[in-house]
Amino acid sequence: MPRALVVGSQEHKELFCHFFTETHLTFDPAAIVWPEIDEDSHKCLQSLPVWNEAVATERMTTCTIQTWAPFETDPLIRHAVVLQGYEEARHAAIIQGLTQHYGIPVTIPPPPQPPADAEWAFLRMGYSECFDAFFTFALFAIARDSGFFPAPLVEKFEPVMQEEARHILFFVNWEAYRQANSALWQRPRHVWRGVLGRVAQVWQRLQSALAARGDQHFTMHGHQAINMAITPRGFLERCLAENAQRMQRYDPRLLRPRLMPSLAQALCKVLR
Ligand SMILES: [Fe+2]
Ligand SMILES: [Fe+2]
């Protein structure tokens, strides 16, 4: 049984920063050899209404992280945040590479405007990733197991999925570390921003679900496009399993994202 970690300690900081930098993969998205796929798979890919949103989200995420990074005063944390920005830019490049290769039309949006409040934007982005990743891991697994995505293509996207798992693991530890080290007078503000960020995230997603039309939201439309023969409870159980499986690869002393798994567990108890 590993020794418990004091959240906010130097040891905690080194653990979550080193976990992040040491599990970073070096590869060039331009060197990815996209596999040949059959016509049906090609049509499936083209029919997914997620590509515009995916490119725009990855670019906005990159911009948010790059805007926040200079505010990090600790060099170890700043290095990890800069690395995360690099990985997000690489995600955008991978999606652009895929859509270009398979002839999927994508509207490249103008470069995003850096957020005025860098801290708030970084927090919102972190909560947003925790929310989206929880569902996306299961959608990816279902698409993989059902053959919706051909295996060679799944292989290309697996590192992207795992990078998102690393991002949310880094974020929850970063937030807890920051909270624990903030001055007493700043804590209410940090707690309030944390609560507000989570609520705003859930509210935004609820609105997306209610107004689910057009090409507006990645998680919602991914779910609709992959025609799933699965009950809501079965889907949530799959989300929990995939989340646990992706997180179990890392040091058990690191904090794990808790909000979405707890909500899903509670829902599983009331859903048939
Ligand atoms: Fe990403
Ligand atoms: Fe990410």
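Student: What pattern does the protein chain follow, read along the sequence?
Tutor: The pattern is α-α-α-α-α-α-α-α-α-α. The chain has ten helices and zero strands. Helices (H or I, at least four residues) and strands (E, at least two) are DSSP runs, numbered from the N terminus. This is a predicted model: local features need pLDDT of at least 70, side-chain atom pairs count only at pLDDT 80 or more, and totals for chains, interfaces and linings use all residues. Residues are numbered from 1 along each chain as its sequence is written, and chains are lettered from A and ligands numbered from 1 in the order in which they are written.

Student: How much of the chain is buried?
Tutor: Of its 272 residues, 29% count as buried. A residue is buried with 20 or more other C-beta atoms within 10 Å of its own, exposed with 12 or fewer, and partly exposed in between; C-beta atoms are placed from the backbone.

Student: And which residues have the most contacts inside the largest nonpolar core?
Tutor: They are Cys-130, Phe-134, Phe-170 and Cys-239. That core has 35 residues. A nonpolar core is a set of buried Ala, Val, Leu, Ile, Met, Phe, Trp, Tyr and Cys residues joined through C-beta atoms within 7 Å.

Student: Which helix gives the largest share of this core?
Tutor: H5 does, with 15 residues. Helices that each supply at least two residues of this core include H1 (10-22), H6 (151-181) and H9.

Student: What does Cys-239 touch?
Tutor: Leaving out residues up to four places away in sequence, Cys-239 touches Phe-134, Phe-135, Phe-137, Ala-138 and Ala-264. Two residues are in contact if their C-beta atoms, placed from the backbone, lie within 7 Å. There is also a second, separate core of seven residues, with Trp-51, Val-55, Ile-94 and Ile-95 among them.

Student: New topic: helix packing. How do H1 and H4 pack?
Tutor: Their axes are 9 Å apart, at an angle of about 30°. Axes are lines fitted to C-alpha atoms, for helices over the stretch in contact, and angles run from 0 to 180 degrees between N-to-C directions. H1 and H4 are therefore roughly parallel to each other. Angles under 35 degrees count as roughly parallel, over 145 as roughly antiparallel, 65 to 115 as roughly perpendicular and the rest as oblique.

Student: Which residues make that contact?
Tutor: From H1 come Lys-13, Glu-14, Cys-17, Phe-20 and Thr-21. From H4 come Leu-76, Ile-77, His-79, Ala-80 and Leu-83. By class, the H1 and H4 contact has six nonpolar, two polar and two charged residues. Ala, Val, Leu, Ile, Met, Phe, Trp, Tyr, Cys and Pro count as nonpolar, Asp, Glu, Lys and Arg as charged, and the others, Gly among them, as polar.

Student: What about H3 and H5, at what angle do they cross?
Tutor: Roughly 135°, and the axes of H3 (residues 51-68) and H5 come within 9 Å. That makes H3 oblique to H5. On the H3 side are Thr-61, Thr-64, Ile-65, Thr-67 and Trp-68. They meet Ala-118, Glu-119, Ala-121, Phe-122 and Met-125 in H5.

Student: How far apart are the axes of H9 and H10?
Tutor: The axes of H9 (residues 232-247) and H10 (residues 259-270) are 10 Å apart, at an angle of about 145°. The residues of this contact divide into seven nonpolar, two polar and two charged.

Student: Now the loops. Where is Phe-71?
Tutor: Phe-71 sits in the loop between H3 and H4.

Student: Is Phe-71 buried or exposed?
Tutor: Phe-71 is exposed, because 11 other C-beta atoms lie within 10 Å. Setting aside neighbours within four places in sequence, Phe-71 is in contact with Ala-118 and Glu-119.

Student: Last one: where is Leu-48?
Tutor: Leu-48 is in the loop between H2 (39-47) and H3. Leu-48 is partly exposed, with 18 other C-beta atoms within 10 Å.
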